[in-house]
Amino acid sequence: MTEELNRYIRLIPKAELHLHIEGSLEPDLMFSMAKKNGVNIKYKSEDDLRAAYNFNNLQEFLDIYYAGADVLITEQDFYDLTIAYLKKIKEDNVIHTEIFFDPQTHTARGIGFDTVVKGITRALHVGKEQMGISSHLIMCFLRHLDEQSAQETLDLALGYKDKIIGVGLDSSELGNPPSKFANVFKRAQKEGFLTVAHAGEEGPAEYVWEAINVLNVMRIDHGVQSINDKKLVAELVKTRMPLTVCPLSNLKLKVVSDLKELPLKRMIDKNILVTINSDDPSYFGGYINQNYIETAEALNLTKDDILQLAKNSFTASFLTDAEKKYYLDKVDAVDKELRKQSHPANIM
Ligand code: HPA
Ligand code: ZN
């Protein structure tokens with residue numbers, strides 16, 4: 001890749017729409033929290049732990065990801081975790097982020113819902129006030145658990161509507177189709193929560209249809225399997241349904257065996273509202289800019305493609321129309337400036 005494109009990727013303002021805050025827990029923070037909280041980690045060192053980040057599928061990752069989350073105990077831990085993530089994305093010129101968290105992973109261990117939400121939102125407030133990063137918080141239901149457990153989690157969230165904008169669906173996809181959660185999504189919507197769901201990561205295009213038609217979601221997380229279904233592709237284009245694609249995640253979890261297989265360029269060309277995100281950056285080898293850079297290299301993306309992806313990230317967000325316009329104008333201004341710098345003769 002040219003240094004010029006690399007710089008363009010790094011400097012263009014972007015939004016991140018698919019990020020599990022527990023998946024941003026870096027090994028050094030995991031070990032320091034484990035020591036502080038007296039939690040036993042089965043790996044002897046950070047290097048040992050990193051060596052285990054060698055996944056053959058989603059489930060192998062999830063087993064390690066849930067074990068890692070065991071070190072998060074206090075409100076301060078959730079605050080520190082979130083601040084560490086915000087510092088990383090500040091370097092990547094992410095100016096808006098919509099963060100997932102998995103409350104059931106924590107409440108099942110006796111950690112209060114309140115502890116988790118307060119820690120994360122206290123950090124998000126600092127992100128907004130001191131780092132210039134706006135954000136929304138989305139709570140995900142774990143799809144390997146039953147719908148009753150999701151309903152109980154939704155009950156807990158009702159007192160936090162000012163802090164939690166929406167609900168999502170994550171964890172083990174195969175065998176846990178979106179339709180399993182039809183009732184709880186219906187109730188969440190009635191309560192005013194916005195909705196997203198992981199679908200079409202390891203699961204088939206049929207799960208994407210279910211997320212759209214049964215859960216009524218406003219955004220599909222991953223959705224890469226949609227490309228195998230012509231009618232679905234037409235539907236995504238027609239309804240401007242966003243996909244939050246996570247390239248390095250797809251590579252590390254062997255959804256694709258090479259980034260060249262990723263249908264992302266085809267999706268851009270078909271005018272699908274596709275975005276690039278990091279999913280679980282600590283586990284998958286990179287934050288958002290690394291995802292953009294490696295994808296651009298594998299698929300020969302152009303500056304125009306990158307601009308489209310950056311714009312899509314705001315268009316597909318849960319910002320208001322006025323906020324979207326403000327951010328999109330900002331993207332255009334930086335784009336213009338960067339292009340001017342790379343062709344100084346054009347200034348005149
Ligand atoms: N898929 C499903 N569940 C998850 C993921 C993912 O990529 N990351 C964290 N939980
Ligand atoms: Zn995810």
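Trainee: Which elements each supply at least two residues of the lining of the largest pocket?

Mentor: Helix 7 (113-131), strand 3 (134-142) and helix 17 (321-342) do. Helices (H or I, at least four residues) and strands (E, at least two) are DSSP runs, numbered from the N terminus. This is a predicted model: local features need pLDDT of at least 70, side-chain atom pairs need 80 or more, and totals for chains, interfaces and linings use all residues. Residues are numbered from 1 along each chain as written, chains are lettered from A and ligands numbered from 1 in written order, and side-chain values use heavy atoms, without hydrogens and water.

Trainee: What makes a residue part of the lining?

Mentor: An atom within 4 Å of a pocket point. A pocket is an open set of points, on a 1 Å grid over the protein atoms alone, where a 1.4 Å probe fits, with protein on both sides within 12 Å along at least five of seven lines. In the largest pocket, 18 residues line the space, with Lys-128, Ser-134, Ser-135, His-136 and Leu-137 nearest its centre. About 330 Å³ lies inside.

Trainee: Which helix gives the most to the lining of the second largest pocket?

Mentor: Helix 4 (residues 58-68), with four residues. That pocket holds about 190 Å³. Its lining has 13 residues, and Ile-41, Lys-42, Tyr-43, Ala-67 and Gly-68 are the closest to its centre.

Trainee: Helix 4 also holds Phe-61. Why is the pair of Phe-61 and Tyr-283 called edge-to-face?

Mentor: Rings of Phe, Tyr and Trp (its six-membered ring) pair if their centres lie within 6.5 Å; planes under 30 degrees apart are stacked, over 60 edge-to-face, the rest tilted. Here the centres are 5.4 Å apart and the planes make 75°, so the pair is edge-to-face. Tyr-283 lies in helix 14 (residues 281-284), so the pair ties together parts 222 residues apart in sequence.

Trainee: Which atoms are the protein donors of the zinc ion (ligand 2)?

Mentor: His-18 (NE2), His-20 (NE2), His-198 (NE2) and Asp-279 (OD), at 2.0 to 2.2 Å. Donors are N, O and S atoms within 2.8 Å of the metal (3.2 Å for Na, K and Ca); water is not among the atoms, so sites may look incomplete.

Trainee: Why is the arrangement irregular?

Mentor: Four donors are tetrahedral if all angles lie between 85 and 135 degrees; four are square planar and six octahedral if opposite donors are over 155 degrees apart and all others between 65 and 115; anything else is irregular. The angles here run from 82 to 174°, which makes the site irregular.

Trainee: His-18: buried or exposed?

Mentor: Buried, at 0% relative accessibility. Buried means under 20% relative accessible area, exposed over 50%, partly exposed in between (1.4 Å probe, protein chains only). His-198, at 5%, also counts as buried.

Definitions and conventions. Points joined across faces, edges and corners; volume = space filled by probe spheres on them.
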